[in-house]
Each structure stands twice: as structure tokens, then as C-alpha cells.
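Reader: Could you take me through this structure, setting each value beside the rule that gives it its name?

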Amino acid sequence: MKNVLKIVPAACLAIALALGASPATAQQPAAPTPGAIAAAKEILTLKNASAMYAGAVPGMVEKVKATLIGQNLNYQKDLNELAPVIAKQLAGRESEIGDGMVGVYAGEFTEQELKDLVTFYKSPLGQKLLTNEPKAISLSMQVMNAWAQNFSEVVASAFRAEMKKRGKEI
């Protein structure tokens, strides 16, 4: 295993060099313009992206508290008392997620593309997409989950059939 760990970085470097990507000369993408950042913020506002991470701070506080309780059962009472205090101290930090998302959008799209997206999202079709997309995504996830559940049985049956050919029942 140690040898594999030594080989992997060397192989990655060799591939990068073969493809012409030199770490020393790689060009950094241009910093997003203020207009791109403003448009990205507007898109995320139109998409109500903040709803995705609105409960991130209290959720993380609870997750860390549960981990700490698991490691320190004798401090359970204290940790339970401190959780709301810490959540209050850190309230608002979820905006860091939004800022990061703005950076992603502003880095992945040009200012003009972002402005075009704002125009689209404000159009009747864009408004319909914003309204109906969460339901479409949810229904799509249901389709994917149902497929995965059914297909896993197909795969399991294939394994059972092949093992049976080898004289082994599973």
C-alpha cells in the first residue's frame, strides 16, 4: 500500500505534464467582475438558494454536539445546555455558504451569461422553472430511487445465478 501511495502522486504529475499542464505556468482564471458577482447574487436570490442552507448553523451545532456527547457521555448535560448558546453565538455564519455559492456562479459563468440568466429567471418560463423545479427534482429523485431499488434486485439475481453456476448458493 505504501508503494501505491508513492506512485499515485508521481503518476498524476506525469499525466499533467503529458497533457501540457505545468503547475508553474498554469493560468489562473480572472477574478469575477463586480457585475458578475451582483448577477450571481441576484440569481441565487431568485432561486431562493438560502433556503437550502438556512438551518446549517443549528444543524452543525447539533451534529457536533452529538459527536461530542458520544465521546464524552459524562458531559452530556453541559453540552446540551451549551448548544443553544453556541448556536446563538454563531448565528448568521450560514451566509458564508451563500458567499461561496456566489463565487462559484461568478467563476463558472461570464458576467453576460449571468445577466442573461437573471433575465431568463425573471421571464414567465424562468418563473415557472423556479416554481416547478423543486417538485421536478423531487419526483426525479423518486424515479431514481425506485430504479435503484428495482435494479439492485436484478443485479443480486445475476450474482445468484452466476454463483449457482459455480455450485454455490447465496
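Author: What follows is a set of questions on terms and values, each with its answer.

Author: This is a predicted model, in which local features need pLDDT of at least 70 and side-chain atom pairs count only at pLDDT 80 or more, while totals for chains, interfaces and linings use all residues. Residues are numbered from 1 along each chain as its sequence is written, and side-chain values use heavy atoms, with hydrogens and water left out.

Reader: How many helices and strands does the protein chain have?

Author: The protein chain has eight helices and zero strands, where helices (H or I, at least four residues) and strands (E, at least two) are DSSP runs numbered from the N terminus.

Reader: What is the mean pLDDT of the protein chain, and where is confidence lowest?

Author: On pLDDT, the predictor's confidence in each residue from 0 to 100, the protein chain has a mean of 88, and 83% of its residues reach 70 or more. Confidence is lowest in helix α1 (residues 2-18), at a mean of 41, and highest in α7, at 98. Over residues 1-25 pLDDT stays under 50, and the model has one contact beyond four places in sequence for them, a contact being heavy atoms within 4.5 Å.

Reader: Why is α7 called roughly perpendicular to α8?

Author: Helix α7 (residues 111-122) and helix α8 (residues 124-165) pack at an angle of about 80 degrees, with their axes 4 Å apart. Axes are lines fitted to C-alpha atoms, for helices over the stretch in contact, and angles run from 0 to 180 degrees between N-to-C directions. Angles under 35 degrees count as roughly parallel, over 145 as roughly antiparallel, 65 to 115 as roughly perpendicular and the rest as oblique, so α7 is roughly perpendicular to α8. Among the residues making the contact are F120 and Y121 of α7 and P124 and L125 of α8.

Reader: Why does K65 count as buried?

Author: Buried means under 20% relative accessible area, exposed over 50% and partly exposed in between (1.4 Å probe, protein chains only); K65 has 15% relative accessibility and therefore counts as buried. K65 lies in helix α4 (residues 56-71) and touches L79, N80 and A83, leaving aside residues up to four places away in sequence. Buried residues make up 14% of the 170 residues in the protein chain.

Reader: What makes N48 partly exposed?

Author: N48 counts as partly exposed because its relative accessibility is 48%. N48 is in the loop between α2 (34-46) and α3 (50-53), and its phi is near 50 degrees, a positive value in a residue other than glycine.
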